[in-house]
Amino acid sequence: MLLRKTLSLNEVQLKAEGEGGTFSGYASVFGGVDSYGDTILKGAFASTLRQHGLPKMFFNHEWTMPVGKFLVAKEDDHGLYVEGELTPGMGLAEDVRAALRHGTLDGLSIGGYVKQGDYDTTETGRVIRKWSRLIEVSPVAFPADSSARIDLASVKSDALATAIEEIDSLRELELFLRDAGGFSKDTAAALLTRARKVLAGDTQPASDLDEKSLQALAARITRLGIARH
């Protein structure tokens, strides 16, 4: 599944350098507990950085034209440290640079894939031991509570089907609801309670639910999550 994890400016220790378009900071901090109850462990990014190299740089996760490039991305004892350079002469990049310096862009967010086996579920969330692929790191405008979710619009149908197939418990389903729609823990739990009541009176075998139906359900969840904000 595709996850995004966002930290606020004071957490990532983001800072612009001089008058140019460079900045540095921490895109992820190890050992903490985020607003979704998830913890990322040291070593989580080592494999993807070794295999796939530096992540791309976008603004607000808009996977169209990169606004710059990362010169450094590495783990240390604190977290995932990055150094980036915004593209000179690019209008959006100049806007991002000005916003970073002014503090109106107040966070960094990582985007990438995790799969079953990369994490352990807990009562409050997940302990993520590995990111299978760190795709990008974005300066973002809203680093607060809606920090981890699946971007269904950017996930191919087979990846979405795999994410759904990996759900093998109510706990995993709750985490999927929280990621996909950005629902709070209480809202996700309420949805599960309602789903159990509906399914208790449903005579259709679960195996009859095709991939298209599951994708339609996921899309409805996402729309509900967007409307909630």
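Which side chains meet in a salt bridge at 3.5 Å, N to O? Glu 94 and Arg 97 do; point 2 returns to this pair.

1. Basis. This is a predicted model, in which local features need pLDDT of at least 70 and side-chain atom pairs count only at pLDDT 80 or more, while totals for chains, interfaces and linings use all residues. Residues are numbered from 1 along each chain as its sequence is written, and side-chain values use heavy atoms, with hydrogens and water left out.

2. Salt bridge within a helix. A salt bridge here is a side-chain nitrogen of Lys or Arg within 4 Å of a carboxyl oxygen of Asp or Glu. Helices (H or I, at least four residues) and strands (E, at least two) are DSSP runs, numbered from the N terminus. Glu 94 and Arg 97 are three residues apart in helix α3 (residues 91–102), so about one helical turn separates them. For exposure, buried means under 20% relative accessible area, exposed over 50%, and partly exposed in between, with a 1.4 Å probe and protein chains only. Glu 94 is partly exposed at 33% relative accessibility, and Arg 97 is partly exposed at 21%.

3. Asp 38 and Arg 126 are both buried. Another salt bridge is formed by Lys 42 and Asp 77, whose closest N and O atoms are 2.4 Å apart. Here Lys 42 is in the loop between β4 and α2 (46–52) and Asp 77 in the loop between β6 (68–75) and β7 (79–86), and the pair links distant parts of the chain, 35 residues apart. Lys 42 is exposed, at 52% relative accessible area, and Asp 77 is exposed at 65%.

4. Arg 126 and a ring. Arg 126 also has its charged end over the ring of Tyr 119, 5.7 Å from the ring centre. The rule for this asks for NZ of Lys or CZ of Arg within 6 Å of the ring centre and within 35 degrees of the ring normal.

5. The sheet around β10. Strands pair if DSSP finds at least two bridges between them. An open sheet of three strands runs in the order β4-β10-β9, with mixed pairing. Its edge strands are β4 and β9 (119–121), each of which pairs on one side only. β9 and β10 run antiparallel and are joined by three bridges. Asp 120 stands opposite Val 127 in β10.

6. Aromatic pairs. Rings of Phe, Tyr and Trp (its six-membered ring) pair if their centres lie within 6.5 Å; planes under 30 degrees apart count as stacked, over 60 as edge-to-face and the rest as tilted. The whole structure holds five aromatic pairs. Among them, Phe 23 and Phe 70 have ring centres 6.2 Å apart and planes at 80°, so this pair is edge-to-face. Phe 23 lies in strand β3 and Phe 70 in strand β6, so parts that are 47 residues apart in sequence are tied together. Phe 23 is buried, with a relative accessible area of 2%, and Phe 70 is buried at 4%. Phe 45 and Trp 131 form a stacked pair, 5.9 Å centre to centre with 25° between the planes. Phe 45 is in the loop between β4 and α2 and Trp 131 in the loop between β10 and β11 (133–140), so the pair ties together parts 86 residues apart in sequence. Phe 45 and Trp 131 are buried, and together with Phe 30 they form one aromatic cluster.

7. Ser 132. Ser 132 lies in the loop between β10 and β11. Its side chain makes a polar contact with the side chain of Asp 118 at 2.5 Å. A polar contact is a pair of N or O atoms within 3.5 Å; within protein, one must be able to donate a hydrogen and the other to accept it, and residues adjacent in sequence count only if both atoms are side-chain atoms. The C-alpha atoms of Ser 132 and Ala 44 are separated by 8.5 Å, although these residues are 88 residues apart along the chain.
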